[in-house]
Amino acid sequence: MDESIFMSLDKDIVRNIANLARIEVLEDEIDSIVKELSNILQFVEQLSEVNTDDIIPMTVVADMKLPLRADVVTDGNCRDKVLINAPESFDGFFLVPKVVE
Amino acid sequence: MSNLTKLTLSAARDGLKTKDFSAVELTKAYLDVMEQRRVLNAFVTETSDIALKQASLSDIKLTKGNAGAMEGLPIGIKDLFCTEGVRTTACSRILETFIPPYESTVSGKLKRAGAVMLGKTSLDEFAMGSSNTTSTFGPVINPWRRKSNFASPLVPGGSSGGSAVAVAAHLALAAIGTDTGGSIRQPAAFCGVVGIKPTYGRCSRWGIVAFASSLDQAGPIARNVRDVAIVLNSMVGYDPKDSTSAKISVPDFEMALTRDIKGLKIGIPQEYRLDYLSNEISKLWDDGIAMMKDAGAIPVQISLPYTKYALPAYYIVASAECSSNLLRYDGVRYGLRIDGKTLDEMYKKTRANGFGKEVRRRILIGTYVLSAGYYDAYYVKAQKVRRLIYDDFNKAFQNVDVILTPTAPSSAFGLNEIDDNPIAMWMNDIFTIPTSMAGLPSLSLPAGLSVDGLPLGLQLIGRPFDEETVLKVADVMERSIDFKEIPSLLRD
């Protein structure tokens, strides 16, 4: 495994992952987040000691094949139920801030 | 009347059958105690109207003779299970006003079996925590106190802390929780009650607010082993709505309590004998081993060499899955919205305001380990280590029938003793996380008191879908241990 990848985080990386996660992070919080996340990454770094050559990644523990179902409609026709918890809706639609100029 | 809340679930079931009391009387007794002990903050939402309505319907069914397996028995539901028409918050600000228009499969099954819902129990926000202190509705208080410091409140453990306290403080006959890395077993141990995480796939995850989907599993907490077996019976089963739900026959778990464990091989993993494990927890474990021997079982030393890597691998896998699952909180379809000038600004402000610190931290770590350039080094690596952990257990179970370990490395700690370092908090789950990574059934039962008067738990781990052996052994141990202590708060 490439050890160099376990480098510590910097402020730009934190700004970037906060953007990817769509969570606003204030400038004055960034230093403490860098520190917090670096500590965690340092902790998980011990996994690099483990030889995992030829090991197949485990995505699910359940010993099963992905089930197939008949391609038929089993749900739907419940527009009002779908909208009932929307913070803002109008005329059967979710309302969001304007996205197209 | 108040004596009704002292009954175990199985005794209450018998009392309802023989008409010693009605479901309405039993429910009212619980609603009274819930009101008296609100200071524990175990419930986020109390549903007394629904409970009384359900109880009176149960009384009719009990009279008519068509009662379900849980008929008239009052329970608490962790506020992570969607309940139709009843607010479901995951104890997060982002879901503070969410009222699901549907019912989770597991809570629906319990309802159909006749269970009475007393209310929704508290948890760490989105089930991420081991202390039940990160709920947006404030911390939950453990009904136990240290002998040496009676005034200082203790955490109940987490994340299913509200459910464990509801059971320990006799606010409910039983409660359901979820367990991703120990969230049923660790609070059960801290509160002196029994909790089981069944095999991954045993209970449907449909309608449970998702945290880490390859790990999340529902299970019951109750006052004894028989009671968890009874509740579990009404929670399990194949559900086409959950693609990881197991299509496998479901036994009657109560019938598994045969009391015969002669010749069973009990694995004792040497890697769990940590250098810093306290003497009292080591002794508790040794006493447990001795008890099993007396009952005719055979202790066998085993090795689970990848144990120490379970915690770091877990935090990569769980954070990655949480960052993906929690992307659904977008301020558009449900939950909180904080306005912004653009769609992106609205997302960012909504999520910054809606999530607490620990949840934000895990989303950020999860996003990082899944991001381009780091995916293989962190996420895929952790999934490979997960397989090694799984293989460890597989090999061990070729020689043993069940594994015995402590549930947690300590007893309940003080509300004001919480370390700011998240990794210190994560160490609480060091004995429960490997089982979660391997998807195995695992139960915690109270095994004694610490020198300072706090409950300590032992954990039993079984083969996949062999909850029966786990329950059978736990029942035998429970009889030997004969744990009769009651929480400090409940003593007269």
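Colleague: What ipTM does the predictor give the complex?

Modeller: This is a predicted model, and chain B averages a pLDDT of 96, with 99% of the residues scoring at least 70. Chain A averages a pLDDT of 89, and there 93% of the residues score at least 70. For the complex the predictor gives a pTM of 0.97 and an ipTM of 0.93.

Colleague: Over which residues of chain A is the pLDDT below 50?

Modeller: Where pLDDT is low, the predicted coordinates should not be read in detail. That caution applies to a stretch of chain A that has six contacts in the model beyond near neighbours in sequence, and the pLDDT is below 50 over residues 1–5.

Colleague: Which strands are the edge strands of the eleven-stranded open sheet in chain B?

Modeller: The sheet has mixed pairing, and its strands come in the order 1-3-2-4-6-5-10-11-9-7-8. From one strand to the next the twist averages 30°. An edge strand pairs on one side only, and this holds for strand 1 (43–46) and strand 8 (298–302) of chain B.

Colleague: At about what angle does helix 3 of chain B run to strand 3 of chain B?

Modeller: Helix 2 (residues 23–36) of chain B packs on the sheet, where it touches strand 1, strand 2 (74–78) and strand 3 (116–121) of chain B, and its direction makes about 20° with that of strand 3 of chain B. Helix 3 (residues 48–64) of chain B lies across strand 1, strand 2 and strand 3 of chain B, and its angle to strand 3 of chain B is about 155°.

Colleague: How many bridges join strand 4 of chain B to strand 6 of chain B?

Modeller: Strand 4 of chain B pairs in the parallel sense with strand 2 of chain B over three bridges, and B:Ile77 stands opposite B:Ile176 in strand 4 of chain B. Strand 4 and strand 6 of chain B run antiparallel, with B:Gly177 opposite B:Gly219 in strand 6 of chain B. The number of bridges joining strand 4 to strand 6 of chain B is six.

Colleague: How many residues of strand 4 of chain B are buried?

Modeller: On one side of strand 4 of chain B, B:Ala174, B:Ile176 and B:Thr178 are buried, and on the other B:Ala175, B:Gly177 and B:Asp179 are buried, so that both faces are covered. For strand 4 (residues 174–179) of chain B, the count of buried residues is six of six.

Colleague: Why does B:Leu454 count as buried?

Modeller: B:Leu454 is placed in the loop between strand 10 (442–449) and strand 11 (455–462) of chain B. Its contacts, not counting residues up to four places away in sequence, are B:Trp144, B:Arg146, B:Ser411, B:Ala412 and B:Leu449. A residue is buried if 20 or more other C-beta atoms lie within 10 Å of its own, and B:Leu454 is buried because the number of other C-beta atoms within 10 Å is 26.

Colleague: Which helix of chain A gives the most to the side that touches chain B?

Modeller: The contact takes 43 residues from chain A and 56 residues from chain B. The residues on the side of chain A divide into 31 nonpolar, five polar and seven charged. Helix 1 (11–20) and helix 2 (30–44) of chain A each supply at least two residues, and the one that gives the most, with seven residues, is helix 2 of chain A.

Note on methods:
Residues numbered from 1 in each chain as written. Chains lettered and ligands numbered in written order. Predicted model: local features only at pLDDT ≥ 70, side-chain atom pairs only at ≥ 80, totals over all residues. Contact = placed C-beta atoms within 7 Å. Helix = DSSP H or I, 4+ residues; strand = E, 2+ residues; numbered from the N terminus. Nonpolar A, V, L, I, M, F, W, Y, C, P; charged D, E, K, R; others polar. Pairing = 2+ DSSP bridges. Axes fitted to C-alpha atoms, helices over the stretch in contact; angles between N-to-C directions. pLDDT = per-residue confidence, 0-100. Buried ≥ 20, exposed ≤ 12 C-beta atoms within 10 Å, placed from the backbone.
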